Amino acid sequence: MAVAENLNTLPINLKSGSLEVRLAENSLEIDAAQALRYKVFYEEMRAKATIKQNKLKRDIDDFDHYFDHILVFDHSIKGSIREKVIGTYRLNRQQNSNKEKLFYTSNEYDINNLINYKGNILELGRSCVAKDYRTGSTMQLLWSFIAQYVVKHEIQIMFGCASFPGINVELHKKAFDYLHRNYLAPKDIRPRALKNRYIRMKNKSSIECTFKEFLTQIPPLIKGYIRLGAFIGDGAVIDYDFNTTDVCIVLPTEKISSRYKIHYDRK
């Protein structure tokens, strides 16, 4: 079939109304992503910024230089590139020989099973959308781009940390237990929380929780991953800097429904 071949020869650039999604092309556009991340993570969600981050008003780290950055622009906004960027996602295709140290997830999880996987892997992270744009249509456009990126680069597995709000694990015990019992990743691709950070997700006695109730207790991004067919790693991790409790998402791309892929391949 020619769909994948066509995608491999074309740059990915998607538009819907005034919105456009593409990869950042220069340092100025990466700066716009960092500015949006600062606004969402530190000003809105009250993560703990470093002195440098506070001074620059940017969410910066040592990983940005190595990764691809998806940007969502709203061209109806008059102003600078920074003002036009309303969404972002960070993508890591394992392009550096110093493999483990260039995965953000390895700060929280043992991901050797994924690093040693024979197929192509993709780490997802630093996902955020400006408050006024947190709609299904914006996320649909983002995932349309990611789906085509996956085909273009022949990715077999996507993974990354996804967050529950706050650091009170008890508030999420039903959701964690349900995730562990129903969505634990197969052993050969299963990350495990680092020993000194490991938070048990499985409850000693099964907690009654229907699927409908479970969906009301998980953040929208994790809900989206689950609906795409994602698994989770073993154990949760508290991130005190970001005031979150994280789980590790593992999403084999073959798990994405054929209807979803066909829908987006037509874009």
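User: Which loop is Arg 46 found in?

Analyst: Arg 46 sits in the loop between helix 2 and helix 3. Keep in mind that this is a predicted model, so everything here is computed from the prediction.

User: What makes Arg 46 count as exposed?

Analyst: Its relative accessibility is 63%. The word "exposed" needs a value over 50%, so Arg 46 gets that label.

User: And what is the phi of Arg 46?

Analyst: Arg 46 has a positive phi, about 65 degrees, and it is not a glycine. Most residues other than glycine have a negative phi. Lys 57 is another case: its phi is positive at about 60 degrees, and it isn't a glycine either.

User: Where is Lys 57, and why is it called partly exposed?

Analyst: Lys 57 lies in the loop between helix 3 and strand 3. Its relative accessible area is 41%. Buried would need under 20% and exposed over 50%, so a value in between makes Lys 57 partly exposed.

User: Which residues does Ala 35 touch?

Analyst: Leaving out residues up to four places away in sequence, Ala 35 touches Lys 57, Arg 58 and Arg 82. Ala 35 and Lys 57 are 22 residues apart along the chain, and their C-alpha atoms are separated by 6.4 Å. Ala 35 itself belongs to helix 2, residues 27-44.

User: Which residues of helix 7 are buried?

Analyst: Helix 7 covers residues 173-183, and its buried residues are Ala 175, Phe 176, Asp 177, Tyr 178, Leu 179, His 180 and Tyr 183. They pack against strand 7, helix 8, helix 9, strand 9 and strand 11.

User: Why is Asp 177 called buried, and what does its side chain reach?

Analyst: Asp 177, in helix 7, has a relative accessible area of 2%. That is under 20%, so Asp 177 counts as buried. Its side chain reaches the backbone nitrogen of Asn 203 at 2.8 Å.

User: What makes Tyr 183 and Phe 214 a stacked pair?

Analyst: Two numbers decide it. A pair of aromatic rings is described by the distance of the centres and the angle of the planes. For Tyr 183 and Phe 214, the centres are 6.0 Å apart and the planes are at 20 degrees. Pairing needs centres within 6.5 Å, and stacking needs planes under 30 degrees apart, so this is a stacked pair. The pair links distant parts of the chain, with Tyr 183 in helix 7 and Phe 214 in helix 8, 31 residues apart.

User: Why is the pair of Phe 63 and Tyr 104 called edge-to-face?

Analyst: Their planes are 75 degrees apart, with 5.6 Å centre to centre. Edge-to-face asks for over 60 degrees, so the name applies. Phe 63 is in the loop between helix 3 and strand 3, and Tyr 104 is in the loop between strand 4 and strand 5, so the pair ties together parts that are 41 residues apart in sequence.

User: How many aromatic pairs are there in total?

Analyst: The count comes to 15. Ring pairs also join Tyr 38, Phe 41, Tyr 42 and Phe 242 into a cluster.

Key: Residues numbered from 1 in each chain as written. Predicted model: local features only at pLDDT ≥ 70, side-chain atom pairs only at ≥ 80, totals over all residues. Heavy atoms only, no water. Buried < 20%, exposed > 50% of the residue type's maximum accessible area, 1.4 Å probe, protein only. Helix = DSSP H or I, 4+ residues; strand = E, 2+ residues; numbered from the N terminus. Contact = heavy atoms within 4.5 Å. Polar contact = N/O pair within 3.5 Å; in protein donor to acceptor, adjacent residues only side chain to side chain.
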